[in-house]
Amino acid sequence: MESISQQQDDGRDGRVFMLRWTFERTDLEDVFHASLGALRRVRRWVMPPLLLLTVIYVALEPSWSDVRGLPAVLSPVVLILVMPRGMPWLMARMAWRANRRLRGGDMEATVSAAGVRVHSPGAMLELTWDVFQRVHETDRAFLLALTKAVTSSVVLPKRAVAGTDDLAA
């Protein structure tokens, strides 16, 4: 199904936007990327001490012929470097495989001054704006977070918005 947006006037609070799109795994990836923002901040504080410990270990290692302990020292460094990039993809893939209803499901959202109404395969969700803790914008979507952690979010992909004027609104 092609993503379209329609603009209507609800007569009392201004404009109403109808968004239609087909749910994709990348929509889930956006949620998990946003939720790992805290991990990225932790990485800034954890990475320098780990690198320093690695340098000290390498400098104090009496013999390079016995490097059995080196993988134990380097594995946390490698994990912290790789995890923020690979984890969102892996988490989205697992969630995608676990929920068959999401695969190729036609989604519809109505965005108005009153709130957001989302129709997904097998469910309908209607939320007022005051239940959202924050709004996070990625390159591909708007994430309306129900909690401070972005993992509980309503995903509104930007591809469902017809024009740049609608996107700015």
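Mentor: Begin with a term: a residue is buried when its relative accessible area is under 20%. Note also that this is a predicted model.

Trainee: How many of the residues of strand β8 (residues 153-157) are buried?

Mentor: In a regular strand the side chains alternate between the two faces of the sheet. For β8, take each side in turn: S153, V155 and P157 are buried on one side, and V154 and L156 are buried on the other. Both faces are thus covered, and the number of buried residues in β8 is five of five.

Trainee: Which residue of β8 does A141 stand opposite?

Mentor: Strand β7 (residues 141-145) runs antiparallel to β8, and five bridges join them. In this pairing, the residue opposite A141 is P157.

Trainee: Is F132 buried or exposed?

Mentor: F132 is found in the loop between β5 (123-128) and β6 (134-137). Leaving out residues up to four places away in sequence, F132 touches V116, L127, L144, A145, L146 and V154. Its relative accessibility is 10%. The cut-off is under 20%, so F132 counts as buried.

Trainee: How many residues does the largest nonpolar core have?

Mentor: Those with the most contacts inside this core are L19, W21, F23, L28, V154 and L156. Among the elements that each supply at least two of its residues are α1 (25-35), α3 (70-98), β7 and β8. Another core lies apart from it, with A34, A141, L143 and V155 among its five residues. For the largest core, the count is 22 residues.

Definitions and conventions:
Residues numbered from 1 in each chain as written. Predicted model: local features only at pLDDT ≥ 70, side-chain atom pairs only at ≥ 80, totals over all residues. Heavy atoms only, no water. Buried < 20%, exposed > 50% of the residue type's maximum accessible area, 1.4 Å probe, protein only. Helix = DSSP H or I, 4+ residues; strand = E, 2+ residues; numbered from the N terminus. Pairing = 2+ DSSP bridges. Contact = heavy atoms within 4.5 Å. Core = buried A, V, L, I, M, F, W, Y, C linked by side-chain atoms within 4.5 Å.
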